[in-house]
Amino acid sequence: MGEEVDVGCARPTGGPVGETGAASDEETKNESKERTEMIKIGKKVPDFVAPAYHQGKFVSVKLSEYLGKWVLLCFYPGDFTFV
Amino acid sequence: MSIDSVFVHKMWDEHELSKMVKGGIPFPMLSDAGGKVGIVYGVYDDDAGVETRGRFIIDPEGILRGYEVLTPPVGRNVSETFRQIQAFQLVRNSKDTEATPSGWKPGKPTLKPGPDLVGKVWEAWKTDMAFD
């Protein structure tokens, strides 16, 4: 589980880490977009870090911290949606 | 994981989800503002600015074993997700010597792929085993 983080007024964000973000600063945005690694079945998933709410605390979660465990990663359209 | 902030996650958990699940959601509720992670996982809907119902099963080595993506109006089948995880765990524990045929669930027979099984699946597996 990730470390607890201090939360200011800014909305914290995360994103892909490691190989996926390997494009250097000199490259244009378009080029780095093309280089972004996509998921592929049977292959290693791209790592990421993301802010999270967990049992009363704000924490930072890195996917690779869960190596050694089975992970179920679920996306959904939004909080307070109905389905 | 959704595009909502951790602040909204907190409110949703406290005001609604904790009324469905005692003590609130036990796992981390991740925030993906801007859909940066969702884009990489192919679930970010650019037009709507939200993430679709993507579900990814990742094994202890970080290998993607299965995924399912639904558009927003239809909910998932949690039992089917658990069944798939149980099947992948069985295969892993068998060191890939066993496989789970269509319709497998815990307690049902598995297949042992190899030369002896070629052309003999019809003996080990019947069509009605595809259904509950």
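This is a predicted model: local features need pLDDT of at least 70, side-chain atom pairs count only at pLDDT 80 or more; totals for chains, interfaces and linings use all residues.
1. Which residues of α3(B) are buried? They are B:Thr81, B:Gln84, B:Ile85, B:Ala87 and B:Val91. Because they cover an arc of only 160° around the axis, they sit on the same side of α3(B). Turn to the face pointing away from that buried side and you'll find the exposed residues B:Ser79 and B:Asn93.

2. What do the buried residues of α3(B) pack against? Two strands, one from each chain: β4 (71-74) of chain A together with β4 (53-58) of chain B. That makes this helix a handy link to the chain A side of the story, which comes up below.

3. Have a look at the ends of the helix too. Just after α3(B), B:Lys95 takes a positive phi of about 55°.

4. Now step back to chain B as a whole. Its secondary structure comes to four helices and five strands, and along the sequence the pattern reads α-β-α-β-β-β-β-α-α. Of its 132 residues, 40% count as buried. Among contacts in chain B with a separation of 6 or more, 28% are between residues 24 or more positions apart.

5. On to the interface. The contact draws 47 residues from chain A and 61 residues from chain B. About 4900 Å² is buried between the two chains, with carbon and sulfur atoms giving 67% of that area. A:Tyr53, A:Trp70 and A:Phe75 supply 20% of the area that chain A buries against chain B, more than any other three residues.

6. What about polar links between chain A and chain B? There are 20 residue pairs in polar contact, counting pairs with both residues at pLDDT 80 or more. The salt bridge count between the chains, on the other hand, is zero.

7. Finally, which elements of chain A give two or more residues to the side that touches chain B? They are β1 (15-16), β2 (48-54), β3 (57-62) and β4 of chain A. The largest share of that side, six residues, comes from β2(A).

Key:
Residues are numbered from 1 along each chain as its sequence is written. Chains are lettered from A and ligands numbered from 1 in the order in which they are written. Side-chain values use heavy atoms; hydrogens and water are left out. Buried means under 20% relative accessible area, exposed over 50%, partly exposed in between (1.4 Å probe, protein chains only). The arc is that of the directions from the helix axis to the C-beta atoms. Contact means heavy atoms within 4.5 Å. Buried area is the accessible area (1.4 Å probe) that two parts lose on being put together, summed over both. A salt bridge is a side-chain nitrogen of Lys or Arg within 4 Å of a carboxyl oxygen of Asp or Glu. A polar contact is a pair of N or O atoms within 3.5 Å; within protein, one must be able to donate a hydrogen and the other to accept it, and residues adjacent in sequence count only if both atoms are side-chain atoms.
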